[in-house]
Amino acid sequence: MTPETAWIAQRIKQDQINRYLDRGRDFIDDNAIWDEIKKAAEPDAATVRTILAKSLAVQTLAPEELAQLMLVRDPGLLEEMKAAAFAVKKKVYDNRIVTFAPLYMGNFCVNNCAYCGFKRENTEAKRRVLSMEEIRRETESLAGKIGHKRIIAVYGEHPLTGIDYILESMRTIYDVKVLTKHGYGNIRRINVNAAPMSIEELTRLKDGGLGTYQVFQETYHHETYAKLHPKGTLKSDYHWRLYAMHRALEAGIDDVGIGVLFGLYDWRFEIMALLYHAIELEAKLGIGPHTVSFPRMEPALNSDYAEHSPYKVSDEDFKKIILLIRLAIPYTGMIITARETAQMRRDAIGLGITQTDASTKIGIGSYSEEGSEQESKRQQFMLGDTRSLDELVKDFADMGHITSFCTAGYRCGRTGKCIMDLLRSGKEGKFCKLNAVLTFQEWLDDFATPATREAGLRVLEKELEEIRATNPQGFPVFFQFLERVRKGERDLFL
Ligand code: SAM
Ligand code: SF4
């Protein structure tokens with residue numbers, strides 16, 4: 001046995017799967033989902049409106065309701081659905097867009113996922129793991145030059161990037177503080193996208209200051225999952241992955257992120273399964289997904305499947321998917337990434353997306369090393385939108401959105417069940433609006449170009465008026481905080 005095979009052999013803890021199974025079965029019943037999709041009929045206007053009223057009351061839809069909404073074709077009703085989706089987003093998240101940057105830590109991987117450029121048998125990939133010094137330099141670029149406050153750290157599954165490495169990399173990132181024009185910049189929330197872990201490892205991750213833990217099921221369809229994740233690899237264990245979030249919540253990680261890699265299987269099945277996952281987490285652990293991500297498959301080096309999948313999702317269907325999930329799981333944060341084009345990201349925000357990345361580079365070491373953008377041998381797939389954070393902030397501001405750099409949530413206990421209750425009642429928006437304004441002012445002062453600053457300050461003024469009008473008691477304290485930020489104090493939150 002090599003050290004690598006020995007590492008692989010001890011990864012999966014079967015007892016941390018079995019405890020969640022129901023008489024040996026998981027909660028995704030492929031046949032039942034297809035039956036539900038097939039037996040649904042196109043709903044009449046009254047039925048659509050009853051379902052939308054539920055979404056607007058921030059209640060999770062039942063699978064049969066989602067199956068019905070999928071069939072709506074009447075243009076008038078589709079417009080009502082879009083209006084409702086936007087209203088749900090406004091009620092729960094207001095006009096805030098949260099931004100982050102992905103930080104790829106390494107591309108060694110023991111798995112062989114058919115669609116991924118990091119797969120083990122892709123011998124053309126240039127393999128590399130960042131050293132702590134390199135991570136420090138990447139963080140300095142992200143927090144000091146661009147102004148990011150939150151990142152998603154992405155890891156391949158490999159002994160070189162196991163739990164000890166993940167924890168050390170998080171400590172390194174949190175330790176970096178860079179002087180800026182008027183204050184300092186630092187990363188205040190690290191979300192992690194990494195392979196499924198055991199409860200013991202997840203507990204350590206939580207103690208290391210984790211924000212959200214993300215694992216995408218890729219496809220919930222058992223047969224397709226088995227086809228794309230070759231037998232004998234760690235990732236071929238569907239259940240180990242499916243229950244990753246059960247374990248995370250048990251380990252006390254309150255914010256968990258789920259997702260599907262759209263393009264692997266029929267999207268209608270996948271969104272039903274996403275909803276079943278949310279319902280299962282709510283029912284068994286009391287907390288639904290903090291976020292749902294919408295990665296859509298992109299071409300990847302030496303991946304035929306990524307190029308020729310029969311299930312590729314068209315732009316129109318992709319927008320429909322976003323609309324339907326916003327209505328079906330109304331409280332959840334929704335993430336679209338720079339895989340998509342600028343126009344798709346704009347459209348998606350109008351349908352209920354709440355988070356997106358900016359100034360994105362996904363080559364290992366790309367933020368701090370010159371000339372390494374879009375280099376196919378070092379990155380997992382190709383990007384659709386490489387605009388800078390400054391450009392994105394301006395674009396959003398011109399659309400009337402405020403870019404929030406708030407990272408208060410997990411640091412002041414507004415996570416998990418607590419945040420879900422706040423989101424459902426519409427109260428989270430109150431705190432978040434204040435913190436969004438404080439952090440937006442901070443970013444505009446430290447990082448914005450003159451044109452972006454001007455556009456940003458216009459939105460900020462409107463926000464201030466709204467806060468003054470809707471929260472007269474809270475306004476004076478909030479305004480004191482804002483003045484302190486304007487004078488150069490950093491990382492203030494309410
Ligand atoms: N190795 C870990 C895992 O697989 O869970 C985490 C890192 S992996 C790089 C992060 C995500 O990238 C995967 O969950 C998958 O959804 C996505 N991905 C893989 N290949 C892709 C492709 N060709 N296009 C778009 N996204 C892809
Ligand atoms: Fe490895 Fe994740 Fe890529 Fe699969 S998707 S090959 S597990 S990095």
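Reader: Which residue in β5 is the bridge partner of I152?
Author: The partner of I152 in β5 is N191. Helices (H or I, at least four residues) and strands (E, at least two) are DSSP runs, numbered from the N terminus. Two strands pair if DSSP finds at least two bridges between them.

Reader: What should I bear in mind about the model and the numbering?
Author: This is a predicted model, in which local features need pLDDT of at least 70 and side-chain atom pairs count only at pLDDT 80 or more, whereas totals for chains, interfaces and linings use all residues; side-chain values use heavy atoms, with hydrogens and water left out. Residues are numbered from 1 along each chain as its sequence is written, while chains are lettered from A and ligands numbered from 1 in the order in which they are written.

Reader: How many bridges join β2 to β5, and in which sense do they run?
Author: There are 5 bridges between β2 and β5, and the two run parallel. β2 is also joined to β1 by 5 bridges, again in parallel. Within that pairing, P102 has I152 of β2 as its bridge partner. The chain passes from β1 through α7 to β2 in a right-handed β-α-β crossover. A crossover is right-handed if, with the strands pointing away from the viewer, the path from the first strand over the helix to the second runs clockwise.

Reader: Is β2 covered or open, and where do its side chains point?
Author: Strand β2 (residues 150–155) is mostly covered, with 6 of its 6 residues buried. Buried means under 20% relative accessible area, exposed over 50%, and partly exposed in between (1.4 Å probe, protein chains only). R150, I152 and V154 point one way from β2, while I151, A153 and Y155 point the other way. In a regular strand the side chains alternate between the two faces of the sheet.

Reader: What does β6 pair with?
Author: Strand β5 (residues 189–193) pairs with β6 in the parallel sense over 3 bridges, and V192 stands opposite Y213 of β6. β6 is also joined to strand β7 (residues 256–259) by 2 bridges, in parallel; there, Q214 has G257 as its bridge partner. As for cover, 5 of the 5 residues of β6 (residues 210–214) are buried. β5, helix α9 (residues 199–207) and β6 make a right-handed β-α-β unit.

Reader: On to the rings, then. How many aromatic pairs are there?
Author: Rings of Phe, Tyr and Trp (its six-membered ring) pair if their centres lie within 6.5 Å; planes under 30 degrees apart count as stacked, over 60 as edge-to-face and the rest as tilted. By this rule there are 14 aromatic pairs. In one of them, the ring centres of Y104 and F118 are 6.0 Å apart and the planes stand at 80°, so this pair is edge-to-face. Y104 belongs to strand β1 (residues 96–106) and F118 to the loop between β1 and α7 (132–146), 14 residues apart. Y104 is buried at 6% relative accessibility, and F118 is buried with a relative accessible area of 6%.

Reader: Why does the pair of F405 and W443 count as stacked?
Author: The centres of the F405 and W443 rings are 5.5 Å apart and their planes are at 10°, so the pair is stacked. F405 sits in the loop between β11 (402–404) and α18 (416–425), and W443 in helix α19 (residues 428–447), 38 residues apart. Both F405 and W443 are buried.

Reader: Which residues form an aromatic cluster, and which charges sit over rings?
Author: W34, Y265, F269 and Y311 form one aromatic cluster. A charge sits over a ring if NZ of Lys or CZ of Arg is within 6 Å of the ring centre and within 35 degrees of the ring normal. K177 lies over the face of Y184 at 4.2 Å from the ring centre, and the charged end of R484 sits over the ring of F481, 5.0 Å from its centre.
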